[in-house]
Amino acid sequence: MTENSKNQVKKLLHGGCHCGAIQFEALVDITQPLLQCNCSICSMTGFIHLFVPHQDFQLQQGLDQLTSYQFNTAQANHLFCSVCGVKSFYQPRSHPKSWSINAHCLKNFDFNMAVIKTFDGQNWEQAQAEMDQP
Ligand SMILES: [Zn+2]
């Protein structure tokens, strides 16, 4: 673990999909609140968001197994495993320079330490504007 001036605590986390075809590691700020979103796709999949900058994420295995699903504005790129169907990480619309990892898909992450906040994805523009305020 490393600490920086913003009081982030970064930890190297390992994750992947159910069948193991997709494997990644990411240096994640584990002090960030997890986001639970109520939009059409997050509510169906039960996705719990943990954001990591693109440069702190390494896909170790499974690039050729990833399938993309896009809808609506197509700014998000929903990536899921073509073998087991699990969406372990994807490109969110809200954080264009980060991946969003599904906290359920991490092997060494302690849910008991995490704060979960709700994100009103059904009213995306308003929720995004409120989130960007300091
Ligand atoms: Zn899989």
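Let's start in a loop. Asn72 sits between β7 (66–69) and β8 (78–81). This is a predicted model, and Asn72 has a phi near 55 degrees, positive although the residue is not glycine. Most residues other than glycine have a negative phi. Buried or exposed, then, is Asn72? Exposed: 11 other C-beta atoms lie within 10 Å, and the cut-off for exposed is 12 or fewer.

Ala74 lies in the loop between β7 and β8 as well. Its phi is near 60 degrees, again a positive value in a residue other than glycine. Ala74 counts as exposed because it has 9 other C-beta atoms within 10 Å, under the cut-off of 12 or fewer.

Now the whole chain. There are 2 helices and 11 strands. In sequence order the pattern reads β-β-β-β-α-β-β-β-β-β-β-β-α.

On to dimensions. The C-alpha trace spans about 40 × 35 × 25 Å along its principal axes. For 134 residues, a compact globule would have a radius of gyration near 14 Å, and the protein agrees, at 14 Å. Of those 134 residues, 26% count as buried.

What about contacts? Take those with a separation of 6 or more: 54% of them join residues 24 or more positions apart.

Last, confidence. The average pLDDT is 91, and 94% of the residues score at least 70. Which strand has the highest confidence, and which element the lowest? Strand β6, residues 57–61, is highest at 98. Strand β1, residues 2–3, is lowest, at a mean of 56. Where pLDDT is low, the predicted coordinates should not be read in detail.

Note on methods: Residues numbered from 1 in each chain as written. Predicted model: local features only at pLDDT ≥ 70, side-chain atom pairs only at ≥ 80, totals over all residues. Helix = DSSP H or I, 4+ residues; strand = E, 2+ residues; numbered from the N terminus. Rg over C-alpha atoms; globule rule 2.2 N^0.38 Å. Buried ≥ 20, exposed ≤ 12 C-beta atoms within 10 Å, placed from the backbone. Contact = placed C-beta atoms within 7 Å. pLDDT = per-residue confidence, 0-100.
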